[in-house]
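Good morning, and thank you for joining this presentation. Please look at the sequence and the structure before we discuss them together.

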Amino acid sequence: MKKNFKYFVLTILICTLFLTACSGGDSPTDSEGAIDNEIKIAMVLGEGGLGDLGFNDEAFEGLLKAAEDFGISYDYVEPKSVNDFEPQLRMFAESGEYDLVIAVGATQVDAVKLVASEFPDQRFSIIDVAVEGYDNIHSSSARNPEQHFLSGVLSGLVTLDDRLPYTNEENILAFAISIDAPIPREAAAGFMAGAKYVNPDVEIIYNFIGGYRDPEKAKEIALTAFDRGADIITHNAGASGLGVIEAARERGKYVIGTSRQSADVDYSLAVSVKKTEQMVYKEVESIVKGTWQAGSSVYGIADDVCDYDISGLKVEIPEDILEIVEDIKQEIIDGKLELPYKIEDVDEWAARNQYKK
Amino acid sequence: MKDLKRKFAAGLGSFKLSFFALFFALLTGAIAIALSGYSPIETYKAIIVGSLGSKQGIILSLSSATPLIFTGLAFATAYKVKMINIGAEGQLYLGAMAGAVVGAYITGLPRLVHIPLTLLSGALVGGLIGILVVFLKVKFGASEIITTIMLNEIILLFTSYLSSGPLKPEDSVIPQTHVIQETAQLTRLAPRSQLSSAIFIAIAAAVLIHILIKKTPLGYEIQVTGLNRRAAETAGISITKMYLITFFLSGAIAGLCGSSLVMGVNRRFVEGISANYGYSGISVAALGAYNPLSIIFSATLFGILKSGAITLNRTTAVPIEFVDAIQAVVVAYVAAPRLIEAVLSLKNKIGLKKEKSLNRQQNLAEGEVIKDDGNI
């Protein structure tokens, strides 16, 4: 018996060596693209890394698309914790090989500022937060209210409409806010402003889930909102949103999420998109074109960074409603509307701004 | 031959056990990496080159090892009286929060006072949590395993509340506290690195715990309690007192880890300040055979793996989760000493006489271990 075991160990060893030999030829790096092309980009993803069906995946998608379009090469890392940002950013900067180091997510602000001051010749871009006052940092962020504004308009119109199967008599909407922090609050303010812009009497119930990975609690909040009469609920809570979608399915109500991948084709009315991939793409593009500059860019609907998205969803929204939404979108692009950033300011804003056809 | 038998009868030395556990873990890791279609040799090479091949790599290894020395030591200290402290993660968080508050809001102190004060504030809150756990155990019979796990949750949520609510700076978009005063910041030992003088504090803590356990009467009582609780009680040792002392120290060391992270690495409390250091500490302690001095080395080893993983992530396509997996497998092997004994005994079996070997084989087949055989 022991002999057998010995053979077993030996066999495994041999297999290991064999496989080693076989797989030795695998490309050992993520770098793609032509070697003669000089441009090389580094990306430090946010905590959690790839496979989140959301923010990180979108950022990476932007990098991939840029790599394809411009023939640049790239390397990326997936930090395991907030303590990894600093060494990983520094590792890229230290190598001196990269034209640009892209940091994905607001949690990297401190690390980027520190490493950028250590390596004044290395260019950094940070996505999703505004940073100013550094000669080698460019930041790209979105106007948070604009991400949810058009979905708000859509919801405000749909809840009044009886042509859609899952709407009810009540004029009530709901927003399951991820956490009680400025950015999520701004997102909610945008949604509320959108709804009240076309439907001033609408009531919007909102509640804080308290986390991005708590679908159970998110579901409870969604169910409560439905029981109080809401027929459309929206959220901005990442993986917690899965609970909101489940609640919508259970009660036969509409949901608006922020991630195209996790949308439910039958119950998702739309998706409030913030095109992280666009922001990343623009960063790479500016490097390729030589227009990259330190400073801060804030994008919105007019820059095709914030939008509502109904592609691939099965809910049939009447054409006349979509026309109004598109009309309002154009108003924003033309700079006719300035959105509120605070939930407290929405009512006052709506009193001043009403959609007139 | 008889000597050999005796050796086996005595079981494996803890060093040998750790060594083979690590060896088998790396082997298992190699197999897993190979089965996933990557080259184990390339991977391990990348880890070693990344962590030890340059000055920056070595510094990163040491800075990654620092929190693990603390948390490994925290687990081992409680384990001296056979108490399981799963709560290092929570104690670390609370220590970090205490350090962040004392470091940021107390001003005008000289460095010489502010630094120890901030460090100790972390140790104190961590230690108090330890006391609370023992209180619940002794008064109400609550298992320390359960209470420490539950307290982790409570503390994590509490610190999360503080950092996203009352203690959050106005202009911050993420949950964190204010940057601590300069006078509370630990010196960074190398430019462009996270390595701070916290590593000396960690090593000093390990040495002090070692001396306490091995060289003092109190340490002797702790050891006796760990070996046999009933005997200790009979000998007049107060078990409750032993629990209180060890668990206070255990919690204090974990809390110290938290405050030193704030003071040396992040300069403020941020959500996710611990990369599961509290739980990794269990692996570190197990690999170091719960010996405070060995823990310095096992933590360094994990630090090397960690810093190698960071480089690995940049230079190869191998998912760094493999490094986590290897660390987990190490623990599995350390926790299963008999498995390693069984594998190792194969080598020595061959020289033995046939009938004896047969006898042993039977024993093994019946699920017995070599140890028992040696006693015949």
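Which way do A:Tyr254, A:Val255, A:Ile256 and A:Gly257 point from strand β9 of chain A, and are they buried or exposed? Before I answer, some conventions: this is a predicted model, in which local features need pLDDT of at least 70 and side-chain atom pairs count only at pLDDT 80 or more, while totals for chains, interfaces and linings use all residues. Residues are numbered from 1 along each chain as its sequence is written, chains are lettered from A and ligands numbered from 1 in the order in which they are written, and side-chain values use heavy atoms, leaving out hydrogens and water.

Now the answer. From β9(A), residues 254–257, A:Tyr254 and A:Ile256 point one way, A:Val255 and A:Gly257 point the other way, and all are buried. Buried means under 20% relative accessible area, exposed over 50%, and partly exposed in between, with a 1.4 Å probe and protein chains only. Helices (H or I, at least four residues) and strands (E, at least two) are DSSP runs, numbered from the N terminus. In a regular strand the side chains alternate between the two faces of the sheet.

Let us turn to the neighbours of this strand. Two strands pair if DSSP finds at least two bridges between them. Strand β8 of chain A, residues 232–235, pairs with β9(A) in the parallel sense over three bridges, and A:Thr234 has A:Ile256 as its bridge partner in β9(A). Between β8(A) and β9(A) the chain passes through helix α8 of chain A, residues 241–251, in a right-handed β-α-β crossover. Right-handed means that, with the strands pointing away from the viewer, the path from the first strand over the helix to the second runs clockwise. Strand β10 of chain A, residues 268–274, also pairs with β9(A) in the parallel sense, over three bridges; here A:Val255 has A:Ser268 as its partner.

What is the order of the strands in the sheet? Six strands of chain A form an open sheet with mixed pairing, in the order β7-β6-β8-β9-β10-β12. Its edge strands are β7 (203–208) and β12 (306–309) of chain A, each pairing on one side only.

Finally, chain B. B:Thr148 lies in helix α7 of chain B, residues 144–164, and counts as buried because its relative accessibility is 1%. Leaving aside neighbours within four places in sequence, B:Thr148 is in contact (heavy atoms within 4.5 Å) with residues including B:Ile84, B:Val133 and B:Phe247.
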